[in-house]
Amino acid sequence: MSSTEDVVLVTGASTGIGRACALRLDQAGLRVVAGVRRAADGQALRAASSDRLRPVILDVTDAAAIAAAADLVRGELGGARLAGIVNNAGIGVGGPLEFVPLDHLRRQFEVNVVGVVAVIQAFLPMLREGRGRIVTMGSIGGRVGQPFAAPYTASKHALEAMSDALRLELKPWHIEVCLIEPGNIATPIWEKGMRTADALARSAPQRVFQLYGRALEVMSELLARQEASGIPPDRVADAVLHALTSRRPKTRYLVGSDARVLALLRTVLPDRWRDELILRYTKLPRDEAAVAARKTPATRATTNGRATTRAPKRRAKAAR
Ligand SMILES: NC(=O)c1ccc[n+]([C@@H]2O[C@H](COP(=O)([O-])OP(=O)(O)OC[C@H]3O[C@@H](n4cnc5c(N)ncnc54)[C@H](OP(=O)(O)O)[C@@H]3O)[C@@H](O)[C@H]2O)c1
């Protein structure tokens with residue numbers, strides 16, 4: 001390709017925020033290399049974009065795929081520069097931390113944290129050459145930990161720390177490092193999280209529901225309400241475009257009024273006041289008698305002590 005338009009890599013561009021970013025950046029005239037895990041998702045993106053957009057198969061947990069994507073981008077550059085990477089790919093693991101399977105916790109960090117670092121490492125030489133920028137998809141959950149979403153919010157908290165560190169480490173090369181902190185955005189992540197949670201619940205010990213049943217019901221109801229009130233992913237894409245192209249990008253972009261309110265509460269309220277507010281708002285149970293499941297006909301013990309039938313709905317979907 002001989003075009004001199006700036007090139008941008010977006011990971012996790014198949015759906016939701018990543019797709020919105022890829023299309024928004026494409027519309028803005030950038031040459032987007034869009035990371036997807038299935039060829040069909042790349043074709044769907046191509047159908048919705050200009051001819052400039054180039055899909056690449058990229059799983060951020062696959063070192064060989066990252067190296068191949070870096071080679072492809074280098075080949076694409078020609079006389080142009082890599083203007084930035086958008087570390088968007090992410091998954092949400094939730095549930096009571098006491099029972100979260102450790103391999104799920106590891107997977108959460110493998111995708112949301114290690115995957116981000118792996119991509120940054122692979123693309124930094126090109127970013128350095130062209131003074132490109134690093135834009136990473138955090139979450140307001142990275143500032144305010146949320147009950148039953150500890151794996152997810154912990155992974156986003158890690159991104160907060162990493163972005164602060166990286167911003168200073170890369171100062172000598174004037175590489176801007178920006179973190180996007182969306183609140184509740186309407187994307188398939190909710191549905192994907194619920195499917196994973198349902199699968200997990202089917203193999204969860206009955207004890208989970210004995211101990212946390214009511215709390216999980218409350219969270220499920222709350223998340224269903226939140227899901228319905230997410231704002232469009234285009235709002236996040238606007239912030240990403242600003243981070244990549246503005247003369248003075250911000251270090252952090254809160255997206256959505258819920259994110260701004262939570263960030264304010266984090267700053268002004270002592271922890272216990274904030275806990276109290278969250279308990280009141282969510283109506284999460286406060287004592288042992290209340291936290292156990294109400295009669296949950298959907299769940300029954302079996303001889304091996306596991307819950308068999310459908311577990312309470314939507315109990316472990318990750319907070320945003
Ligand atoms: N939705 C929200 O309310 C919200 C709020 C704050 C932050 N975020 C963050 O925004 C980002 C995008 O999420 P979304 O809401 O747009 O959800 P989404 O529609 O589920 O998008 C997630 C993207 O990540 C990709 N992905 C998952 N695992 C991957 C892997 N191992 N390698 C490469 N790509 C992978 C998915 O690809 P496949 O289709 O192949 O699975 C998909 O393209 C995530 O980092 C999320 O934490 C979302």
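Leaving aside residues up to four places away in sequence, Gly84 touches Val8, Gly132, Arg133, Ile134, Val135 and Leu244, where contact means C-beta atoms, placed from the backbone, within 7 Å. This is a predicted model, in which local features need pLDDT of at least 70, side-chain atom pairs count only at pLDDT 80 or more, and totals for chains, interfaces and linings use all residues. Residues are numbered from 1 along each chain as its sequence is written.

Gly84 sits in strand 4 (residues 82–87); strands are DSSP runs of E, at least two residues, and helices are runs of H or I, at least four, numbered from the N terminus. Gly84 counts as buried because it has 28 C-beta neighbours inside 10 Å; the cut-off for buried is 20 or more other C-beta atoms within 10 Å.

Now to the helices. Helix 3 (residues 63–77) packs against helix 4 at an angle of about 25°, their axes 10 Å apart. The two are therefore roughly parallel, a term for angles under 35 degrees, with axes fitted to C-alpha atoms over the stretch in contact and angles running from 0 to 180 degrees between N-to-C directions.

Finally, the ligand: 30 residues surround it, the closest being Gly12, Gly16, Ala89, Gly90 and Ile189; a residue is near if its C-beta atom, placed from the backbone, lies within 6 Å.

Helix 1 gives the largest share, 3 residues.

Note on methods: Buried ≥ 20, exposed ≤ 12 C-beta atoms within 10 Å, placed from the backbone. Contact = placed C-beta atoms within 7 Å. Parallel < 35°, antiparallel > 145°, perpendicular 65-115°, else oblique.
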